[in-house]
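Reader: I am new to looking at protein models, and I would like to learn how to read one feature at a time. Could you take me through this one slowly?

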Amino acid sequence: MSLKYSLAELRNPLRPEEPKRIYARSQTREEVDVYRLARETSYSSSLTEGDMLNAIFALFYKIGEHLADGDCVSLADFGKFQYQISSSGAATKEEFNVGCIRGVKLHFRPGRMVRTSVSDHTFERVLSVKARKEAKKNG
């Protein structure tokens, strides 16, 4: 398996006076949706595609419920999901209030299965999405 990347010329936002530099940008091959995953997974199990979809959507619902309750959801060797809160600081505990909370982000900590899949990759340089569109337009 190879991870696809393209090159992008970017300016450092912290030092805009410096010249632009070339960076790698990941490029996805395609988007795989839950319906395709259910279909592919049903072939290697005793469950039908519909059974797989029911199980997947039930799992999604329960994950959302537990996250909303402030739980950390562990999907075994796949990884863990939990919400993280960012806030501005207050001088004292008494001065801190909910208005200091700036946002909530979903944080994923990859488990062994994901970490292993990332470490086993090679890299392949491809055209950027913009360059692919231009090449397609120009024939």
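**Reading the model step by step**

Author: Let us begin with the rings: a search of the whole structure, which is a predicted model, finds 4 aromatic pairs.

Reader: How is such a pair described, and what is the geometry between Tyr-35 and Phe-57?

Author: In general, a pair of aromatic rings is described by two values, the distance of the centres and the angle of the planes. Here Tyr-35 and Phe-57 form a tilted pair, with 6.2 Å from centre to centre and 55° between the planes. Tyr-35 belongs to helix α1 and Phe-57 to helix α2, so this pair ties together parts that are 22 residues apart in sequence.

Reader: Now I would like to turn to the sheets. What is the order of the strands in the open sheet with mixed pairing?

Author: The general idea is that strands of a sheet pair through backbone hydrogen bonds, and that they do so either parallel or antiparallel. In this case the open sheet has 3 strands in the order β2-β1-β6, and its pairing is mixed. At the edges are β2 (21–27) and β6 (122–125), each of which pairs on one side only. From one strand to the next, the twist averages 45°.

Reader: Over how many bridges do β1 and β2 pair, and in which sense?

Author: Strand β1, which covers residues 2–10, pairs with β2 over 7 bridges in the antiparallel sense. If you wish to find a place to look, Tyr-5 stands opposite Ser-26 in β2.

Reader: Which strands make up the open sheet with antiparallel pairing?

Author: That open sheet also has 3 strands, and their order is β3-β4-β5. The edges are taken by β3 (73–74) and β5 (101–110), each with a single partner strand, so one side of each is left without a neighbour in the sheet.

Reader: Which helix lies across β3, β4 and β5, and at what angle to β4 does it run?

Author: That helix is α2, which lies across the three strands you name and runs at about 35° to β4.

Reader: Finally, how should I read a pocket, and what lines the largest one?

Author: A careful reading takes the volume, then the lining residues, and then their classes. The largest pocket has a volume of about 490 Å³, and 14 residues line it, the closest to its centre being Leu-37, Phe-78, Met-113, Val-114 and Ser-117. Helices α1 (34–42), α2 (49–68) and α3 (112–119) each supply at least two residues of this lining, which by class has 11 nonpolar, 3 polar and no charged residues.

Reader: What is the volume of the second largest pocket, and which classes of residue line it?

Author: The second largest pocket has a volume of about 380 Å³. Of its 13 lining residues, the closest to the centre are Ser-2, Leu-3, Gln-27, Thr-28 and Arg-29. The largest share of the lining, 4 residues, comes from β1, and the classes divide into 5 nonpolar, 5 polar and 3 charged.

Methods: Residues numbered from 1 in each chain as written. Predicted model: local features only at pLDDT ≥ 70, side-chain atom pairs only at ≥ 80, totals over all residues. Heavy atoms only, no water. Pairing = 2+ DSSP bridges. Axes fitted to C-alpha atoms, helices over the stretch in contact; angles between N-to-C directions. 1 Å grid on protein atoms, 1.4 Å probe; cavity = no way out; pocket = protein on both sides within 12 Å on 5 of 7 lines; lining within 4 Å. Points joined across faces, edges and corners; volume = space filled by probe spheres on them. Nonpolar A, V, L, I, M, F, W, Y, C, P; charged D, E, K, R; others polar. Contact = heavy atoms within 4.5 Å. Phe/Tyr/Trp six-rings, centres within 6.5 Å; stacked < 30°, edge-to-face > 60°.
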